[in-house]
Amino acid sequence: MKKIVIGGQIEKGAIEELLQKYGKGNYEITVKTDIDAAMALKNGTADYYFGACNTGGGGALAMAIALLGGDKTATLGMPGKTASEEEINQSVAAGKIAFGFTSQDMEFIISNVMKALENKGE
């Protein structure tokens, strides 16, 4: 079973609920601090990271970017811009494993990331 960690700064409970809903019971989901979540990904004890903040890329992804590098992370939602379904699919296909976004976009983003992961066979 693939493991998802939730980091970031806000809405961790809501993110967890959406991941459970769209993950259909196929993922082990754990809420952590942002640094613990990013470390779990770096150490291989987690497969994917989701996080939210008010900008979508600051507190949502800062630790993941610092520990994993920008090539493994994707800001999928920020004020005034939300990634399209195609952009989300491209991020997953490109091997991104840490996803940041704003809370107002989280259901659209989470549902599409989870669909892309499912289509990828994850």
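Reader: Which residues form the aromatic cluster here?
Author: F50, F99 and F101 form one aromatic cluster. Keep in mind that this is a predicted model.

Reader: OK, and how many aromatic pairs does the structure hold?
Author: Two. In one of them, the ring centres of F50 and F99 are 5.3 Å apart with the planes at 45°, so that pair is tilted.

Reader: Where do F50 and F99 lie?
Author: F50 belongs to strand β3, residues 48-52, while F99 belongs to strand β7, residues 98-101. The two parts are 49 residues apart in sequence, so the pair ties them together.

Reader: And what about the rings of F50 and F101?
Author: Those centres are 6.5 Å apart and the planes sit at 65°, so this pair is edge-to-face. It also links distant parts of the chain, with F50 in strand β3 and F101 in strand β7, 51 residues apart.

Reader: Is F50 buried or exposed?
Author: F50 has 0% relative accessibility, so it counts as buried. F99 is buried too, and F101 is buried with a relative accessible area of 0%.

Reader: What is F50 in contact with, leaving aside its neighbours in sequence?
Author: Skipping anything within four places in sequence, its contacts include I4, V5, I6 and G7. F50 also meets I15, L19, F99, F101, I110, V113 and M114.

Reader: How many residues does the largest nonpolar core have?
Author: It has 24 residues, and F50 is among those with the most contacts inside it, along with I15, L19, I110 and V113. As background, nonpolar side chains tend to be buried together in soluble globular proteins.

Reader: Which elements supply this core?
Author: At least two residues each come from β1 (2-8), α1, β2 (27-31), β3, α4 (85-93), β7 and α5. Helix α5 gives the most, with seven residues. There's also a second, separate core of 11 residues, which includes V5, A37, L61 and A64.

Reader: New topic, the helices. At roughly what angle do α1 and α5 cross?
Author: Helix α1 (residues 12-23) and helix α5 (residues 106-120) cross at roughly 35°, and their axes come within 9 Å. The crossing is right-handed.

Reader: Which residues meet there?
Author: From α1 you get A14, I15, L18, L19, K21, Y22 and G23. On the α5 side they meet M106, E107, I110, S111 and M114. The residues of this contact divide into eight nonpolar, two polar and two charged.

Reader: How many residues apart in sequence are I97 and L68?
Author: They're 29 residues apart in sequence, and 9.4 Å apart in space from C-alpha to C-alpha.

Reader: Last one: is T73 buried or exposed?
Author: T73 counts as buried, because its relative accessibility is 8% and the cut-off for buried is under 20%. T73 lies in strand β4, residues 73-75.

Reader: And what does T73 touch?
Author: Not counting residues up to four places away in sequence, T73 touches L61, A64, I65, K96 and A98.

Key. Residues numbered from 1 in each chain as written. Predicted model: local features only at pLDDT ≥ 70, side-chain atom pairs only at ≥ 80, totals over all residues. Heavy atoms only, no water. Phe/Tyr/Trp six-rings, centres within 6.5 Å; stacked < 30°, edge-to-face > 60°. Helix = DSSP H or I, 4+ residues; strand = E, 2+ residues; numbered from the N terminus. Buried < 20%, exposed > 50% of the residue type's maximum accessible area, 1.4 Å probe, protein only. Axes fitted to C-alpha atoms, helices over the stretch in contact; angles between N-to-C directions. Left-handed = near helix turned anticlockwise from the far one by under 90°. Contact = heavy atoms within 4.5 Å. Nonpolar A, V, L, I, M, F, W, Y, C, P; charged D, E, K, R; others polar. Core = buried A, V, L, I, M, F, W, Y, C linked by side-chain atoms within 4.5 Å.
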